Amino acid sequence: MDPTGQKYFTIIDYVIFALLLVASMAIGLYYAFTGGRQRTTQEFMYADRSMKCLPLSLSLMATFQSAVAIIGTPAEVYANGTQYWFIGCSYILGLLIPAHIFIPLFYRLHLTSVYQYLELRFCKAVRICGTVTFIFQMVIYMGVGIYTPALALNAVTGFHLWGAVLATGLVCTLYTALGGLKAVVWTDVFQTVVMFTGQLAVIIVGVHQAGGLSDAWVKVRDGGRISGIDLNPDPTVRHTFWTLGVGGVFLMLSLYGVNQAQVQRYLSSRTEKEAVMSCYMVFPCLQVALMLSCLMGLVMYACYGNNSPLEQQYITSKDQMVLYFVMDMLQNFPGLPGLFVACLFSASLSTISSAFNSLATVTMVDLIKPHYSMTEARATLLSKMLALSYGIICVAMAYLVHLMNSSVLQAALSIFGMVGGPLLGLFCLGIFFPCANSIGAVIGLAAGLVMSFWVGIGGFLSRMPSSVQVLPLNSTNTVPAASGNITGPAVIDAASRPVGLNGLYSLSYMWYSALNSSTVVLIGLVISFMTGPTKGADVASGTVYPVMRTAQSLLHKLVKPSACCTSPPEHTQIDGHKEMNGNIKEDAGTEEETETFLTSNAVSPVEHETSV
């Protein structure tokens, strides 16, 4: 194991790398020239609503768990220990809530864009505000998605950084624009398998290089990388159980509950049941991805210890550590470095292509179609051109990421907390509070965005003079320090804890989504009551979740378990479609209507608008 010198690909590595990229392109071309050949917007954007739950679950996971997780999570665990692993606790509520609240509500309204819900619940102005906010969020995030694999290629092969950025953008833009959602989903499936295979290969070889499983365990244990549960309630501490397990729930809800890229996959399912099942199946997929990424970080520490390649100045960024480790450990195994780097590159493509597809969809459905009538063929062509245009825009955003003084993991999660949090709050305001009105929704969203950028940018600027240090200890009073030594601890007491604006700017990035979504809800409710709350009769049918009646039903079942075995009286049957603002409509409905929220033969509130 020679830690010095630049590592390069062999011919076999390049061949494997090229084959995997060609395979990703081939999947996109296959769906471009088979089936309906992407001639309709229904096929291009929603795969004819014919997808099954297994490929959808893998695609849902791959969308936001690709290059960021592969590069960022192992580097985080190597430096700070396994505390980050507790984010897996947030996956429980972060997926159960979308499965039982968001997915049924959106699916039964027969939406094409998730932001159509905002118009049904509030007004067109709120819908446009939500759409523009989402576009802004995803364009910025795509800068991270494109820059990450390019940085990896530059670190391990010497390939020109911006040449790699252009290559990444070109490959994913082409197969997304040609193959539509079917191509995106099935390339996600292929890339997920490759990603898991590459990570597992690195872990096995790394454990062997560290002297075996028992020796590796002793090294990481003695090095303090096995973290216990940190119950420190201080929200300024970067990673604790509360920031990860509780703050992470809000982050997960913004990703898997109301994000168009994910909702678009739910809506492409054949049935609502399969959409819900795909959300359930994401849970084990995410846990496996998190486990492999964390194990890679531990294996890295078992091999290097405190002699970090970054500290030895063999690399210039913490986010290059994983790829340096791969090239260092696998240099005697021709083909494996190419396999891992290709899995990183292709996994990043899954994230970027999902964003391109969802951006094209919301732009077409929310901003263009309501104002211009066009034929089906022209609408499909325009959708493909939009996907191509967003590819070009997102490549340019990679330069902004290049200027950020932060890890790719923290940068990605911060972006979703800063922009995804207000969007989550906007949807929660409409779904759970029937009294909220349009004025409250717009002002609440604006307040949430102001709060998010105030705290996020303020925190970023406050850290600019020095690099953020990640620490090896899992002490309850351990925080990032402003030192370049990646292994040096920093301990503070209560007297030196940041206060005032500094305390707000020091808020852990994992709390961004919770803070911003709560701001939207609180401000939105206050403004709604000041300007006149919405009356129950004015709320569109099927747009509000019956919180109180559902809670009463659950309490009734808990108090009287025997009631679960018998049919309740007709007047206690609960159907979210029939209850708006506490008022239950008299029509009991059929079993089919109860299952689908809206009757199968009823015209969806958005059916007329979304037809081309």
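I started at tyrosine 117 and listed its contacts (heavy atoms within 4.5 Å). Leaving out residues up to four places away in sequence, Tyr117 touches Leu105, Phe106, Leu109, Leu111, Phe427, Gly430, Ile431 and Thr543.

Before going on, I noted that this is a predicted model, where local features need pLDDT of at least 70, side-chain atom pairs count only at pLDDT 80 or more, and totals for chains, interfaces and linings use all residues. Residues are numbered from 1 along each chain as its sequence is written, and side-chain values use heavy atoms, with hydrogens and water left out.

Next I looked up the nonpolar cores. I took a core as a set of buried Ala, Val, Leu, Ile, Met, Phe, Trp, Tyr and Cys residues joined through side-chain atoms within 4.5 Å. Buried means under 20% relative accessible area, exposed over 50%, and partly exposed in between (1.4 Å probe, protein chains only). The largest core has 160 residues. Tyr117 is among those with the most contacts inside it, along with Phe106, Tyr256, Phe340 and Phe427. Another core, of five residues, lies apart from it and includes Met51, Leu56, Leu181 and Val185.

I then checked valine 189. I found it in helix α8, residues 161-209. Helices (H or I, at least four residues) and strands (E, at least two) are DSSP runs, numbered from the N terminus. Is valine 189 buried or exposed? Valine 189 counts as buried because its relative accessibility is 14%. Beyond its neighbours within four places in sequence, valine 189 contacts Pro55 and Leu58. Leucine 58 is 131 residues away along the chain, yet the two C-alpha atoms are separated by 5.7 Å.

Histidine 110 came next. I placed it in the loop between α5 (90-108) and α6 (116-121). Most residues other than glycine have a negative phi. Histidine 110 counts as partly exposed because its relative accessibility is 39%.

Then I took the whole chain. I logged 23 helices and two strands. Of the 612 residues, 58% are buried. Among contacts with a separation of 6 or more, 83% join residues 24 or more positions apart.

Last, I checked confidence. pLDDT is the predictor's confidence in each residue, from 0 to 100. The chain mean is 77, and 78% of residues reach 70 or more. Over residues 465-495 the pLDDT is below 50, and the stretch has 70 contacts in the model beyond near neighbours in sequence. Residues 567-612 also fall below 50, with 79 such contacts.
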